[in-house]
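Please open the structure in your viewer and keep the selection panel at hand. The tour below moves from one selection to the next and says what can be found at each stop.

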Amino acid sequence: VQIGTQCWFKENLNVGTRIDGANNQTNNGTIEKYCYDDNPTNCTIYGGLYQWNEIMQYTGTHGLRGICPTGWHVPTDTEWTVLIDYLGGKFVAGDKMKETGTAHWIPPNSYATNESGFTGLPSGACRWSQWQDFANMSVYAYWWSSTDTSEVYAWTRKIPQSDGYAFRSHGDKDYGFSVRCIFD
């Protein structure tokens, strides 16, 4: 979907072989993904959940193709900022990016317009805590950037069900979040 000067996937990436959420994704030559609650149907609806090193194919180069298809790449933190700014800034962009209605988001989701066509879904996260739990499906959408902030953290974007805010935060690289690819 074309949003301003950028072209984004219109859905979360869903590529790779599913592994159980209790296991770490590994540098084994196979793209591995988590499906929320270890249920493959959730990957079909929401896309896969990936640890940061897996999406980056175990390199730390910002803007790298990573696990995205040829001609696309994992967006940098700056590319996410361009999108959020184009949609009016962090206080309102989330509603313009969220799927409307409550088929996937918990109610009320009343301000979601999806006017951007991004159709963000609340895929939640995997390995959210030291207990390797799945968390926040129907409540939050989380996406990785290819920009890390340290050995442990990388920049993310998240959108809550409760308002139109598009948060910029850093996520632990061991968490499993969604990926949206951006055109080169």
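Begin by selecting Trp-143 together with Arg-157, for in this predicted model Trp-143 stands opposite Arg-157, a residue of strand 7. The strand in question covers residues 153-160, and it runs antiparallel to strand 6, to which 6 bridges join it.

Keep Arg-157 selected and display its side chain. Is this arginine buried or exposed? With a relative accessibility of 4%, Arg-157 counts as buried, because the cut-off for that class is under 20%. Two polar contacts of its side chain can be drawn here: one goes to the side chain of Asp-77, at 2.7 Å, and another, of 2.8 Å, to the side chain of Thr-81.

Now turn to the cysteines. How many disulfides does a search of the whole structure find? There are 2, and with bonded cysteines counted along the chain they follow the pattern 1-2, 3-4.

Select Cys-35 and Cys-43 for one of them: their sulfur atoms lie 2.0 Å apart, and both residues are buried. The torsion about their S-S bond is about -110 degrees, so this disulfide is left-handed.

Move on to Cys-68 and Cys-181, which are joined by a disulfide with an S to S distance of 2.1 Å. Here the torsion about the S-S bond is about -90 degrees, so this disulfide is left-handed. Cys-68 sits in the loop between helix 2 and strand 5 (72-73), while Cys-181 sits in the loop between strand 8 and strand 9 (182-183), so the pair ties together parts that are 113 residues apart in sequence. Cys-68 is buried, with a relative accessible area of 1%, and Cys-181 is buried at 0% relative accessibility.

Two further cysteines deserve a selection. Cys-7 is partly exposed at 23% relative accessibility, and its sulfur lies 11 Å from the closest cysteine sulfur, that of Cys-181, which is too far for a bond. Cys-126, by contrast, is buried at 0% relative accessibility; the closest cysteine sulfur, in Cys-35, is 9.6 Å from its own, again too far for a bond.

Return to Cys-181 and show its surroundings. Apart from neighbours within four places in sequence, Cys-181 is in contact with residues including Cys-7, Trp-8, Phe-9, Leu-13, Cys-68 and Trp-72.

Finally, select the largest nonpolar core, which has 17 residues; Leu-13, Ile-55, Trp-144, Val-179 and Cys-181 are those with the most contacts inside it. Helix 2 (52-55) and strand 6 (140-148) each supply at least two residues of this core. Another core, of 15 residues, lies apart from it and includes Trp-8, Met-97, Ile-159 and Ile-182.

Methods:
Residues numbered from 1 in each chain as written. Predicted model: local features only at pLDDT ≥ 70, side-chain atom pairs only at ≥ 80, totals over all residues. Heavy atoms only, no water. Core = buried A, V, L, I, M, F, W, Y, C linked by side-chain atoms within 4.5 Å. Buried < 20%, exposed > 50% of the residue type's maximum accessible area, 1.4 Å probe, protein only. Helix = DSSP H or I, 4+ residues; strand = E, 2+ residues; numbered from the N terminus. Contact = heavy atoms within 4.5 Å. Polar contact = N/O pair within 3.5 Å; in protein donor to acceptor, adjacent residues only side chain to side chain. Pairing = 2+ DSSP bridges. Disulfide = S-S within 2.5 Å.
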